[in-house]
Amino acid sequence: MIKRNIDDLALFGGPKAFWEIRSTSNLVQPDIENFLNYSKRIYKNRRITNNGPLVQELEARLATLHETSYCITFCSGFMALMLAIYDMHIKGINEGEAEVIMPSLTYRRMADIAAWAGLVPSFCDVDTNTLGMTAETVEPCINKKTTLILGVHPIVNLCDINGLEQLSKQYNIPLLFDSVEASLASYKGKMIGSFGQAEVFSLHASKLLNGFEGGYLTTNDGELAEGLRKGRSFGFSGRDTIVRLGLNAKLNEVHAAMTLACLDEIDSQITSNKIRYMAYKERLADIEGVDIVPYDEREKRSFKNILVKLDNSWPLSREHTLQILHAENLLARPYYYPPLHKKDTPYKQKMCNNLHITEPLSLNHMLLPCGEFVSVEDVNLAVDILAFLHDHGMELQKHFAAEEVK
Amino acid sequence: MKRNISSLAVFSGKPTFDSPLPVGQMNFAEWERFESAFRGIFARRYYTNHGPLVQELEARLCNMLGVKHAICTTNATIALLIAAKALELHGKVVVPAFTFAATVQSLTWAGIEPIFCDVNPVTHHITPELVEPLLDDSVSAVLAVHLWGNVCDIEGLSQIAAKKNIHLYFDAAHAFGSTCNNIPAGSFGDMEIFSFHGTKVINAAEGGCISTNNDYLAERLRNIRSSYGIRGTVYPNIMTSNGRMSEAQAALALLSLEDYDKNSQLNRDRFERYISHLKILPGFKFISVKSDEKSNYQYVVAEVDHEAFGISRDELVYILKAENILCRKYFAPGLHRCPPYNEQYPHFLNSLPNTDILCSKVIQFPSGQLITMEDIHTISTLVIYIHEHASDIRERLFHVK
């Protein structure tokens with residue numbers, strides 16, 4: 001349905017541009033017969049959890065894919081991070097004082113994860129162009145209480161892996177990468193997974209590999225891997241002996257079956273993602289004020305997330321833009337808003353510098369609908385609406401200004 | 001049937017069973033029902049984040065447990081972590097050491113110090129009498145554990161918690177469907193935490209659930225678990241987690257719930273068969289269910305008295321394992337003797353005499369769908385044989401070792 005004037009916008013009573021919601025969640029669906037075939041093995045093995053055969057097969061395949069010696073699956077990326085942070089941080093700093101450096105412009109539960117692991121999140125700034133951490137933004141945050149650097153990759157491309165690895169060596173502080181959004185990317189031609197001491201990935205339905213819920217960690221550090229295997233299963237070593245603090249963070253066999261089925265189709269999924277991304281990129285190039293954050297196409301990328309920046313020539317605020325898109329059933333989302341340092345928490349947290357780059361970035365980026373539900377026609381329609389908003393910018397500005405007066 | 005002790009598998013005889021008998025429930029719904037449930041999920045394309053099956057499961061659990069709120073989780077351990085945060089616990093919490101590791105570990109992750117309480121040697125539960133002397137100003141809650149399908153002394157523990165104005169909540173991992181005064185576990189204390197692990201009577205592969213009648217706590221629990229799709233009150237200043245149950249887990253739990261009556265009856269039949277075979281055996285005492293209460297009968301648990309039975313619990317487990325009968329030692333050792341607690345709180349090492357005795361005596365036998373009545377007959381015959389030849393077996397075991 002083509003919008004002719006602003007009354008045609010769903011926000012103002014016009015018909016919705018999309019019959020069904022288009023969201024930023026991937027929700028990729030593997031072939032059901034393939035999933036059921038994996039599941040039949042659960043029945044045959046009569047094993048439904050506790051490091052079952054499907055979990056072991058999945059771990060082996062993921063380790064191969066990431067070119068690492070070890071892969072350990074977990075019930076979620078959250079629990080993978082919590083246990084990894086707990087195990088990897090430098091011990092001996094007073095409890096309640098030990099810090100982990102992380103960006104403020106990131107996953108909304110990231111600071112909570114650090115707090116569960118008993119650490120104080122210390123927020124660093126990010127680079128204007130990559131939206132990721134760099135050696136320059138992290139180094140000022142390092143002090144005597146720093147026990148871990150959590151290198152979080154932004155939603156598109158990667159953070160400064162080389163710079164962070166050098167800092168980690170120079171100061172002798174362990175480095176853990178949160179590679180949840182980076183998924184199957186490469187850095188200087190090498191698949192991610194073995195950078196820092198370990199990397200964490202997610203298997204949540206909204207991510208590249210849909211395991212319903214789940215997560216995994218890759219590493220070449222055998223001791224770390226062994227410790228985490230015990231940690232995810234109550235600290236058990238063998239059947240009856242508990243050797244450490246642990247919890248239940250096991251991935252079950254049904255979630256492993258789903259992930260394996262998705263893994264079988266990963267190449268074709270990345271191809272579709274790239275088609276969607278290229279369609280957005282090509283069409284958005286014609287619209288002033290909306291700049292797509294481009295993928296580095298010289299490297300391997302999964303092209304799932306579509307991130308745009310609204311620059312000064314865009315006529316509307318991001319919040320008004322989102323309001324209009326949501327009414328059309330386009331569930332675009334603000335990029336990591338609010339940033340973590342703006343949130344009240346029941347635990348101690350710290351800003352290690354003024355985060356003057358993070359603040360504006362948190363206000364002018366947004367994620368556009370992507371994933372399996374979004375067709376190229378949907379992309380065209382979504383961009384048509386953005387073009388319409390641009391062309392009717394003055395009129396919409398007046399409307400929102402008048403509304404504010406009321 | 002063993003003719004002489006050399007035919008025991010532990011002495012290189014042929015194992016009684018060709019493949020291992022599992023000790024947990026491992027009850028599966030028929031494949032056709034599994035397939036149809038998952039075709040439904042694929043048709044809806046709703047995989048997690050508080051989907052329609054989780055919502056249906058929560059509603060059915062409320063109904064079945066007779067409680068206002070049921071909040072389903074990834075697993076019972078994460079549920080215990082979330083519970084501790086929702087209750088805003090601080091300082092110390094009284095908890096038995098005679099429990100599964102997760103009970104105590106949840107406190108540690110929540111930044112709480114455990115105070116280990118000894119248990120009653122008959123019921124295996126903590127009691128008001130044992131709890132009371134441990135309560136000082138630093139204690140913010142009692143975390144009691146229902147064991148073996150029996151429910152704790154609700155009245156006594158509730159009274160003492162009310163008197164001291166502290167929280168009382170229950171690890172109910174064993175107690176789904178069990179009652180106290182004919183009221184099902186689920187609405188006791190501030191909240192109760194159930195497990196839907198594959199070894200339990202409700203099998204969601206992994207899974208758990210927190211039940212409460214308290215609206216405020218329920219909202220906090222949902223916030224901390226993370227509950228996309230729920231438009232309840234959102235508390236800003238809260239430490240969240242990911243404790244969501246997926247649609248896959250909820251589908252399995254719903255199938256299992258449909259089978260609950262069948263499976264608990266099946267458990268009861270097996271439980272009673274073991275007792276009928278072994279009740280007269282010297283040194284062998286089954287933990288039974290009170291005749292006027294309901295239970296899921298998922299745990300066939302006995303105490304083995306070394307002297308009267310002739311060999312120790314550990315030796316019995318070892319001999320049966322060689323026969324492919326996977327019995328489990330519970331809980332060996334007690335949590336007060338496990339890292340990190342044995343080092344952090346060494347003062348408990350010698351203060352829990354009943355716990356230490358039980359940790360050396362309690363054994364769980366195989367039950368559930370996979371175990372036939374004939375299997376139980378075979379296992380029981382073997383246990384009797386072991387008792388009858390105990391001294392010869394011990395002597396020979398000594399040489400083997």
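1. Let me start with helix H8 of chain B and its surroundings. Its buried residues pack against helix H8 (253–264) of chain A, and within chain B against helices H1 (31–44), H2 (52–65) and H9 (260–278). Please keep in mind that this is a predicted model.

2. How many of the 12 residues of H8(B) are buried? The count is 11, so the helix is largely enclosed by the rest of the structure. Among them are Glu247(B), Gln249(B) and Ser256(B), along with Ala248(B) and Leu252(B).

3. Over in chain A, have a look at Val254(A), which lies in helix H8 of that chain. Its relative accessibility is 1%, under the 20% cut-off, so Val254(A) counts as buried. Setting aside neighbours within four places in sequence, Val254(A) touches Phe35(A), Ile42(A), Ile48(A) and Phe212(A), and from chain B Phe34(B), Phe38(B), Ala248(B) and Leu252(B). Its C-alpha is 9.1 Å from that of Val55(A), 199 residues away along the chain.

4. One more pair for you: H1(A) (residues 32–45) and H2(A) (residues 53–66) pack at about 135°, with axes 9 Å apart. The two helices are therefore oblique to each other. Tyr38(A), Arg41(A), Ile42(A) and Asn45(A) of H1(A) meet Pro53(A), Leu54(A), Glu57(A) and Arg61(A) of H2(A). By class, that contact has 4 nonpolar, 1 polar and 3 charged residues.

Key. Residues are numbered from 1 along each chain as its sequence is written. Chains are lettered from A and ligands numbered from 1 in the order in which they are written. This is a predicted model: local features need pLDDT of at least 70, side-chain atom pairs count only at pLDDT 80 or more; totals for chains, interfaces and linings use all residues. Side-chain values use heavy atoms; hydrogens and water are left out. Buried means under 20% relative accessible area, exposed over 50%, partly exposed in between (1.4 Å probe, protein chains only). Helices (H or I, at least four residues) and strands (E, at least two) are DSSP runs, numbered from the N terminus. Contact means heavy atoms within 4.5 Å. Axes are lines fitted to C-alpha atoms, for helices over the stretch in contact, and angles run from 0 to 180 degrees between N-to-C directions. Angles under 35 degrees count as roughly parallel, over 145 as roughly antiparallel, 65 to 115 as roughly perpendicular and the rest as oblique. Ala, Val, Leu, Ile, Met, Phe, Trp, Tyr, Cys and Pro count as nonpolar, Asp, Glu, Lys and Arg as charged, and the others, Gly among them, as polar.
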